Amino acid sequence: MNQRPKLPGWPKLSDWNVLGLLPAHLIMLMTLIIPVGIIALVSFSTRGPYGGFDYVFTTAPYKQILFNEGWSGELEFNPQYLIVVARTVILSLATTIICLALSFPVAYFISLQKTSAKMLLIYLVTLPFWVSMIVRVYSWIIILGNDGVIAKALRALGINENMGSLLFTDTAMLIGLVYSYIPLMILPVFASIEKLDPALVEASHDLYGSRLTTLRRVILPLCRPGMAAGAILVFVPCLGAVLEPVLLGGGKTMMMGNLIQLQFGAARNWPLGAAISIVLMCAVMVFLLWRGVQAMRKEGREASA
Amino acid sequence: MDMSRPAQHKKAVEIKDVSKAFGNFQALKPVSFDIYENEFFTLLGPSGCGKTTLLRMIAGFEQPSTGEIALRGTNIQALPPHKRRVNTVFQSYALFPHMTLEQNIAFGLENLGWPKERRMARVADMLRLVHMEKFATRKPQQLSGGQRQRIALARALAPEPEVLLLDEPLSALDLKLRQAMRDELRTLQRQTGITFVFVTHDQEEALDMSDRICVLGDGEIQQLGTPADIYEEPSNRFVADFIGETNFLDAEVISLDGDRATVSIPLGVTLNAPQKQAAVGDRAVMSIRPEKISLPSQDGQIATEGTIIGANYLGGYTHYVVDANGTLLRVSKRNSQSRDRTLEVGQSVKLSFAAESARILGA
């Protein structure tokens, strides 16, 4: 109909879209796809005689996760790595639950402060991020160690004189994990409490809801999105934690993070390390996808209700 | 001032010397009044007059700085909000977004420990009362403003409160819906027989719905009375100004005779009219409502001449501004005959008012 003649000159914006997004695509390719591709490649390679790996296809590293290979090639079930996986999942779950329980009151307290105090407290919560993770986890060695603050204090009080060191135990790792990741829980929980309309809390009290009822039936359900986000932010990095098991577990009790590190380091079994990494990554992806699908279904239900 | 009371004289709420200060800011100076059973009582005032603070103190969300509040004769000072038999309709409605409408309405009943069957029956009754029975399983987000308003009412009425508090519940609705909800609220109050305490800054709303109105301004009670009392017999300049439209003319008080005063006004006349709080020699104002001025003038009234400088035709009424020798008067004239035509701007007119319609108020 009324078509305008095309003017020569600048290309249309849409022609530039692909080019414009190129930096983003490049970064994704360089930092995500290629490294993961390399790890996947290594996981299907053969272990080199002096460490490293040779490009000879094999599924042996994956078999190794569950089985020992005898001299004659027969497979023997070996739960050693599964125990590490189980410990990792249990410790990560425990960390997530403890973080949730501790974060909620902290976040609620912060949200009740005046704006200036709120900013200060949130700043303080994020402050540890500015200090090297190694230093922070190391400091727990000083606190939990044989000559540490806790042991000395207990000895001085005459309690539990022959208590073994707290250090190099699952408890020590748990303490370290909770300490390291709790800010990642506090922040999203705080955000969801901030969004809560105070009138809803008043409405609950107005309708004869005690403090406990109000917490249980109004505040907690409405903060669930923040708590779910925090749980993922804590649980997922816990699965891959390295420093806490190395420094506080002392290599005595392993988690998947330092198991992988060990394979690339002292054990010189890169393919096995890569295979464990891929399994861990796939497990996390499946877990997150499952959660995402659940959330979408819930939304769908609510929209169609 | 004679406060005409509803037939029933039982007190639902007693406010005794209640005041509220936030830090150095005195939100409410000590006030005392009673609200009677089965009454539609309105707290009316401009924003910041302390009306919402007063409501929140009855609900228990704020503690009075001084004074006492009693509910059906029992001092409720020490009770937290969840132990007071009052319910609130919040300005934002504050419906629980994660609960269905049924669950919202049942919330208060569950907390009171009503058994399930009684609870469900009450929820159904309430939904019927507000004409929302088809929406029981919806969530609040799926409702329009007017529907949320109804559910907020149903939720607050369900536990059979001794007093229902309403915090500007109509302010978030559009004009047409607001009109309809006024009638519905009034009907609901009559049907349920529950005492309503209604907070608003809209004087028209207050006049329309209330049995009695308490006009608050600058943190104190300016006047308490029936809508007609407050409109026709304002106790001071603030009330005359805040409720409806009026003309204020400077008045010089020549003599006082009880509740009447003789004053001279800038129109060059001296008249004798009902007065409140005026004193000889003090500055005072004469208030005359626009609809009480006759145009053209009538015999036997105080008359003056002027020029029309503004005319707004509003269908049923026309609002004029008349310049009477430098004094501007607003006049509201009813178009009672279809042949009534708007007077032209610039036209010279005669107008008049009865001295009995004017009020002399201490300024």
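## Exercises: domains, a strand and an interface

Chain A is assigned domain 1 (35-78 + 269-305) and domain 2 (80-254); such bounds come from an automatic or database domain assignment. This is a predicted model: local features need pLDDT of at least 70, side-chain atom pairs count only at pLDDT 80 or more, and totals for chains, interfaces and linings use all residues. Residues are numbered from 1 along each chain as its sequence is written, with chains lettered from A and ligands numbered from 1 in the order in which they are written.

**Exercise 1.** Find which elements of domain 1 of chain A give two or more residues to the side that touches domain 2 of chain A.

*Solution.*
- Start with the centres: over C-alpha atoms, they are 29 Å apart.
- Count the contact (C-beta atoms, placed from the backbone, within 7 Å): 5 residues from domain 1 of chain A and 6 residues from domain 2 of chain A.
- Name the elements: helix 2 (60-66) and helix 13 (270-304) of chain A. Helices are DSSP runs of H or I, at least four residues; strands are E, at least two; both are numbered from the N terminus.

**Exercise 2.** Decide whether the residues on the two faces of strand 6 (residues 86-89) of chain B are buried or exposed.

*Solution.*
- Recall the rule: side chains alternate between the two faces of the sheet in a regular strand.
- Take one side: B:Val86 and B:Thr88 are buried. Buried means 20 or more other C-beta atoms within 10 Å of the residue's own; exposed means 12 or fewer, and partly exposed lies in between, with C-beta atoms placed from the backbone.
- Take the other: B:Asn87 and B:Val89 are buried too.
- Find the neighbour: strand 6 pairs with strand 7 (residues 163-167) of chain B, parallel, over 4 bridges; pairing needs at least two DSSP bridges.
- Locate one bridge: B:Asn87 partners B:Leu164.

Conventions:
Contact = placed C-beta atoms within 7 Å.
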